Amino acid sequence: METANNTAITVESIVNAPVTKVWESWTKPEHITQWCQASDDWHAPYADNDLRVDGSFTTTMAAKDGSFSFDFGGIYTAVEDNRLIEYTVGDGRKVSIIFENQGNSTKVIETFDPENTNPIEMQRGGWQAILDNFKKYTETL
């Protein structure tokens, strides 16, 4: 995946849970609101997910002190249960998430086009932090 000016960024993690549990944790709104934040001073008070090609999703990400919030959302372009999710966000950037079944664990590989506002390392760090929260949450379900 490449954009006009930037090469896509990849983050990954091994989640110690079977792929069906990982998939459910990643895709169900009641789970998304529990893990979708990069730091403890943020949270995701709302999530909606229509997981199908041409379906949309929205997750509200907000500072816990109420100082700032934004909606992160997009349209699905590919969905293969327990294997692959691809979507395009509102500004046209593309995201791909691969779920590799490894028996009692699942490798999650997330690749995304960077935006042009924040440094690449900051973006990689933020997305990795969210993925790390996902791993921690899913392993304790």
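## Strand E3 and its two neighbours

In this predicted model, strands E3 and E4 run antiparallel and are joined by seven bridges. Within this pairing, the bridge partner of Ser-56 is Ile-75 in E4. The two strands form a hairpin with five residues between them, in which Gly-66 takes a positive phi near 80 degrees. On its other pairing, E3 (residues 56–63) is joined by six bridges to strand E2 (residues 42–49), and these two strands also run antiparallel. Here Asp-48 has Thr-58 of E3 as its bridge partner. Because six of the eight residues of E3 are buried, this strand is largely enclosed by the rest of the structure.

Thr-58, which lies in strand E3, is partly exposed, with a relative accessible area of 27%. Leaving aside residues up to four places away in sequence, Thr-58 touches Tyr-46, Ala-47 and Asp-48, and also Asp-71, Phe-72 and Gly-73. The C-alpha atom of Thr-58 is separated by 9.4 Å from that of Pro-29, although the two residues are 29 residues apart along the chain.

## The sheet as a whole

The pairings of E3 belong to an open sheet of seven strands, arranged in the order E1-E7-E6-E5-E4-E3-E2 with antiparallel pairing. Strand E1 (9–15) and strand E2 stand at the edges, and each has a single partner strand, so one side of each is left without a neighbour in the sheet. From one strand to the next, the twist averages 20 degrees. Strands of a sheet pair through backbone hydrogen bonds, in either a parallel or an antiparallel manner.

Elsewhere in the sheet, strand E6 (residues 94–101) pairs with E7 in the antiparallel sense, over seven bridges. In this pairing, Glu-100 stands opposite Lys-107 in E7.

## Helices against the sheet

Helix H3 packs on the sheet, where it touches E1, E3, E4, E5, E6 and E7, and its direction makes about 20 degrees with that of E1. Helix H1 lies across E1, E2, E4, E5, E6 and E7, and runs at about 155 degrees to E6.

## Two loop residues with positive phi

Asp-54 lies in the loop between E2 and E3, which form a hairpin with six residues between them. The phi of Asp-54 is near 75 degrees, a positive value in a residue other than glycine. Asp-54 is exposed, its relative accessible area being 58%.

Asn-82 counts as partly exposed, at 25% relative accessibility.

## The largest pocket

The largest pocket has a volume of about 800 Å³ and is lined by 31 residues, of which Met-61, Phe-70, Phe-72, Trp-127 and Ile-130 lie nearest its centre. Both helices and strands give two or more residues to this lining: the helices are H1 (19–27), H2 (29–35) and H3 (120–139), while the strands are E2, E3, E4 (69–80), E5 (84–89) and E7 (106–112). Among these elements, H3 gives the most to the lining, with five residues. By residue class, the lining divides into 18 nonpolar, nine polar and four charged residues.

Technical notes. Residues are numbered from 1 along each chain as its sequence is written. This is a predicted model: local features need pLDDT of at least 70, side-chain atom pairs count only at pLDDT 80 or more; totals for chains, interfaces and linings use all residues. Side-chain values use heavy atoms; hydrogens and water are left out. Two strands pair if DSSP finds at least two bridges between them. Helices (H or I, at least four residues) and strands (E, at least two) are DSSP runs, numbered from the N terminus. On a 1 Å grid over the protein atoms alone, a cavity is a set of points where a 1.4 Å probe fits but cannot get out, and a pocket is an open set with protein on both sides within 12 Å along at least five of seven lines; lining residues have an atom within 4 Å of a point. Grid points are joined across faces, edges and corners, and a volume is the space filled by probe spheres set on the points. Ala, Val, Leu, Ile, Met, Phe, Trp, Tyr, Cys and Pro count as nonpolar, Asp, Glu, Lys and Arg as charged, and the others, Gly among them, as polar. Axes are lines fitted to C-alpha atoms, for helices over the stretch in contact, and angles run from 0 to 180 degrees between N-to-C directions. Contact means heavy atoms within 4.5 Å. Buried means under 20% relative accessible area, exposed over 50%, partly exposed in between (1.4 Å probe, protein chains only).
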